[in-house]
Amino acid sequence: MRKDPVESGQQELSENLLKGGGCSYRHPVYSDYKCPFRANGDGSGMCSVHAHERDKDFPAEKVRMVLEHFTEGVGRQAPEWDLYNADFESADLSNFEFFRCKLNSSDLSWSMLLNSAVVFCSFDNSDFTHARLKGMKCVRSFFAKANLCASSLEMATLKDSNFSNARLRAADIRLARISNCNFSECDADRAVISSTSLKYTDFVGASLREADFRYSYLAGVDFSGCDLTNADFTGAMVAQNNLQRRAARRHKRPYPLTSAFAFDRQRRGVAISLISRLAAFCTYSV
């Protein structure tokens, strides 16, 4: 009986990728780690996920084979994966440990990375639309120009990471812990950042129209040149933040701040301080 060429090709792909023993990759931290995937046979001694073939896409078929391997009970470690333009749409990557991975320009829309760890990774220009990233721990990673619109980063921990020029419209970042991150020039209109701890983070030139910062803790946050039109800071605790409008002064016009600050009675002192600084700024601009 003649075999279906498509089925035969998928079987060959599965055998070439998933048969362990052969990949010469060595983990830089865990000396006892052994890559579970087979070497390509091209003389490099590396498998498909460690081959560093940045000029080649990583198609959905290979991604599916990789994920099927991890559903069989193998530890979910992803050290130094180099997968350009990989198709992880709707994939379940929960509890994965990504270390020094390069997944630039990849499709992770509608995927799940619940409680995953992302350390020293690069996801520049990747698509996380509607992705579920609840509880994700992200350290020293890059998401520049990534699309995180309508994604869920609830209870995530973001530290020393770069989200510059990223799209975060309507993203859910409630109850997160964010420190030393760069969100400059990002588009975070209607983002929900309530009850979040923000420390020493840069929002310079960002669009935060109708963003929700209610009951958040803001320390050392730079909002210079931001568009905070109708942003809600009700009940927020604000300390040592830079609310000057450097870009506004440079262009001789104030950025819109209509209804930007609305505090409850318990934060009257903070509100008075902010209003006085805003009044001084408006006087300077005129």
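Predicted model: local features only at pLDDT ≥ 70, side-chain atom pairs only at ≥ 80, totals over all residues.
No disulfides are counted in the model: the count comes to zero. The sulfur of Cys35 has its closest cysteine sulfur in Cys47, at 3.6 Å, which is too far for a bond, because a disulfide requires sulfur atoms within 2.5 Å. Cys101 is likewise in no disulfide, the nearest cysteine sulfur, that of Cys121, being 4.4 Å away. Cys35 counts as buried, with a relative accessibility of 7%, and Cys101 also counts as buried, at 1%.

Salt bridges, by contrast, are present, and their count comes to six. In one of them, Glu154 is paired with Arg174, with 3.7 Å between the closest N and O atoms. This pair links distant parts of the chain, 20 residues apart, since Glu154 lies in the loop between strand S4 (137–139) and strand S5 (157–159), whereas Arg174 lies in the loop between S5 and strand S6 (177–179). Glu154 is buried, at 16% relative accessible area, while Arg174 is partly exposed, at 33%.

Arg169 is partly exposed, with a relative accessible area of 32%, whereas Asp187 counts as buried at 18% and Asp189 counts as buried at 7%. Salt bridges with shared partners also join Glu154, Asp172 and Arg174 into one network.

Notes: Residues numbered from 1 in each chain as written. Heavy atoms only, no water. Buried < 20%, exposed > 50% of the residue type's maximum accessible area, 1.4 Å probe, protein only. Salt bridge = Lys/Arg side-chain N within 4 Å of Asp/Glu carboxyl O. Helix = DSSP H or I, 4+ residues; strand = E, 2+ residues; numbered from the N terminus.
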